[in-house]
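Student: Could you walk me through reading the sheets and helices of a model?
Tutor: Gladly; let us look together.

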Amino acid sequence: VIVPNFIGLKYDALLKYIEENHLSNVIIEFQKSEKDPDIVISQSKSGTLKRNEEIKITFSKSSDEVGEIEIIDFTGKTKLYATSWLDKYGFKVEINEEYSNEIDEGYVANQSAKNETKNPLEDVITITISKGKKILAPDIASMSVDEINKWAIENNVKISYKEEYSEDKKLGDVISASINMGELVEKN
């Protein structure tokens, strides 16, 4: 992807660009500055980059001391959005991950505080990031290869086949599987 020079860009516009271009290794920092708050004041790289290449972006931050802050609802927002927003105000952040059938992978599913006032010097905010939906293994040993492939594609699971001879099964039938029905399977 071609990453432009972001200097002068506002916070929300940069986060939109990151999401639309699927950049996966962006580090956002805030630095006290005399410039207007929430404006990009430096970046580590620009030009043609891989989507997973690390890019460090520094935003301006007001030099005023901030007291208590009302924590917004991050549900459905990206992990980057939530962690950088909390970092901007100086909150310590704990991150948990859990499966969610309602919230897509990589987005905030829950948080310890929302729509309430907290002090960055005293409070730690916990956010829970979705690992996506739980993938439970079907009875693979009783499925056809076509059914297994269809299930794997639908659930973004990789399948590896090994051929063996069996006197009890006909050519192309599944003899055994490394996972049992009902076991939790990780994506990819």
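Student: What should I know before I start?
Tutor: This is a predicted model, where local features need pLDDT of at least 70, side-chain atom pairs count only at pLDDT 80 or more, and totals for chains, interfaces and linings use all residues. Residues are numbered from 1 along each chain as its sequence is written, and side-chain values use heavy atoms, with hydrogens and water left out.

Student: How do I read a sheet, and in what order do the strands that include β2 lie?
Tutor: Strands of a sheet pair through backbone hydrogen bonds, either parallel or antiparallel. Here helices (H or I, at least four residues) and strands (E, at least two) are DSSP runs, numbered from the N terminus, and two strands pair if DSSP finds at least two bridges between them. In this case 3 strands form an open sheet with mixed pairing, in the order β2-β5-β3. Its edge strands, β2 (26–32) and β3 (40–43), each pair on one side only. The twist averages 25° from one strand to the next; axes are lines fitted to C-alpha atoms, for helices over the stretch in contact, and angles run from 0 to 180 degrees between N-to-C directions.

Student: How many bridges join β2 to β5?
Tutor: There are 7, and the two strands run parallel, with β5 spanning residues 55–61. Ile-28 stands opposite Ile-57 in β5. Helix α1 (residues 11–20) packs on this sheet, touching β2, β3 and β5 (contact means heavy atoms within 4.5 Å), and its direction makes about 170° with that of β2. Helix α2 lies across β2 and β5, at about 15° to β2.

Student: What is the strand order in the sheet with β10?
Tutor: The order is β7-β10-β8, in an open sheet of 3 strands with mixed pairing. β8 and β10 (residues 124–130) pair in the antiparallel sense over 3 bridges, and Gln-111 has Ile-127 of β10 as its bridge partner. Helix α2 (residues 79–88) packs on this sheet too, touching β7, β8 and β10.

Student: Which residues of α3 are buried?
Tutor: Buried means under 20% relative accessible area, exposed over 50%, and partly exposed in between (1.4 Å probe, protein chains only). In α3 (residues 145–155), Ile-148, Trp-151, Ala-152 and Asn-155 are buried. They sit on the same side of α3 because they cover an arc of only 100° around the axis, taken from the directions from the helix axis to the C-beta atoms. On the other side, Asp-146, Lys-150, Ile-153 and Glu-154 are exposed.
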